[in-house]
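Please look through the structure shown here slowly, following one part at a time, and keep the sequence beside you as you read.

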Amino acid sequence: MTRKKSAAPAAKENKPKPKPEPVLSATNIVKELGRGAGTVMALKGVDLRLVPGELTLLMGPSGSGKTTLLSILGCIMTPTSGELTVAGTKTAGLSPDELAVLRRDHIGFIFQSYNLFPTLSALENVRIALDVRGQKGYEAARRCEEVLREVGLGHRLRNFPGNLSGGEQQRVAVARAIVSSPSIVLADEPTAALDGENGNAVMELLARIAHEQGRSVLAVTHDPRTLPYADRVVRIEDGLIVGEERRPEGLDAPEITDLTKRRKAHA
Ligand SMILES: Nc1ncnc2c1ncn2[C@@H]1O[C@H](COP(=O)(O)OP(=O)(O)O)[C@@H](O)[C@H]1O
Ligand SMILES: [Mg+2]
C-alpha cells in the first residue's frame, strides 16, 4: 500500500505532508444475498478506503460483487457483517432514515442507465436533487445551471432526456450527482452504454470532479477504456479484492493534497 516517495520535489516545508484521511472506509465487508439454498456470498470480506481527490476504478468480471459493494458503500444496502464509516460516521446500528440522511449529505450516485425523469428538462432533473434537500428558489436554480455548465451542458438546460444523446444524458446524471457537493461520488458502469467518444468525455469529467473539486470518486467498470483516467485501480474477483495498482503520481502527489486543501477552504 505505502508508496515510497521518490526524489521529493524541492520541499517547500520541512514537514512531510500528511496523507489525506479516508472519507470512506470499509473493513471486512461480507454480504450474503438471497435465501436458503440459494444464498450467495456476494462479498467475502472486502477492505477499501477512499481518500479525497482521487478517481478509483473498481474492476472485475460480471458477478464479482461490484454492484453489491457499491450499494453498500453508498448506504443503499447494509452489509451482513463488517464495518463501514462514511465521512466520519460509523453506519453500524443506524436506522434506514439515518442512513438516508448520511447518503443525502455525503454521497452522489451515478447509475449505468442515467435514471433521468423523461418528462423533466435537464435543468429540472438536476433541481430535483436540491429539492429533496429542501433547497429551492433562485439560488438553487442558479446552482443547477452552474453545474450543468460545468459538465458542458450550458446549452442544453431546457432539453428533455429524449432530445439528448446518451453521453449528454449521462452528463446530466453526473451534474445531478454532484450538485449537492457530496464528498463521495459513486458510479456504476458509467460508460457502459456510451460509445468511445462519449465514454471518454464522461471519464474526463469524473477525473476532473476528483482532481479539481477534491471529491472521492469510485467508478465500477469493466471497460478498459476507462483505465487512463484512474489514479488507482482496485480489482475484485468472486467477492474479494485481489489486487490494486496506483498511478505513480497517486495518493501523496502534492498537487492532490493542495487541491484537497483548496476544497476544504471553499467548504
Ligand atoms: N438479489 C440477489 N439474490 C441472490 N444473489 C444475487 C442477488 N443480486 C446479486 N446476486 C449475486 O451476487 C453476486 C454479485 O453480484 P453483483 O454485485 O451484481 O456483481 P457485478 O456487479 O460485479 O456484476 C453474483 O453472483 C450475483 O448473481
Ligand atoms: Mg453490476
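The shell around ligand 1 divides into 3 nonpolar residues, 8 polar ones and 1 charged one, where Ala, Val, Leu, Ile, Met, Phe, Trp, Tyr, Cys and Pro count as nonpolar, Asp, Glu, Lys and Arg as charged, and the others, Gly among them, as polar. This is a predicted model, in which local features need pLDDT of at least 70 and side-chain atom pairs count only at pLDDT 80 or more, while totals for chains, interfaces and linings use all residues. Residues are numbered from 1 along each chain as its sequence is written, and chains are lettered from A and ligands numbered from 1 in the order in which they are written.

The residues that surround ligand 1 include Leu33, Val40, Gly60, Lys66 and Thr67, a residue being near a molecule if its C-beta atom, placed from the backbone, lies within 6 Å of it. Two or more residues of this shell come from each of β2 and α1 (66–73), and α1 gives the most, with 3 residues. Such helices (H or I, at least four residues) and strands (E, at least two) are DSSP runs, numbered from the N terminus.

The strand β2 also belongs to an open sheet of 4 strands, in the order β2-β1-β4-β5 with antiparallel pairing, where two strands pair if DSSP finds at least two bridges between them. Because β2 and β5 (89–90) stand at the edges, each with a single partner strand, one side of each is left without a neighbour in the sheet. Further in, β1 (residues 24–33) and β4 (residues 81–86) pair in the antiparallel sense over 5 bridges, and Ala26 stands opposite Leu84 in β4.

A second open sheet has 6 strands in the order β6-β7-β8-β3-β9-β10, with mixed pairing. Here β6 (107–110) and β10 (240–246) stand at the edges, and since each has a single partner strand, one side of each is left without a neighbour in the sheet. The strand β6 pairs with β7 (residues 184–188) in the parallel sense over 4 bridges, and the bridge partner of Gly108 in β7 is Val185.

Finally, consider Gly53, which lies in the loop between β2 (40–50) and β3 (55–59). Is Gly53 buried or exposed? Gly53 is buried, because 26 other C-beta atoms lie within 10 Å; the term applies if 20 or more other C-beta atoms lie within 10 Å of a residue's own, whereas 12 or fewer make it exposed and values in between partly exposed, with C-beta atoms placed from the backbone. The C-alpha atoms of Gly53 and Ile209 are separated by 8.1 Å, although these residues are 156 residues apart along the chain.
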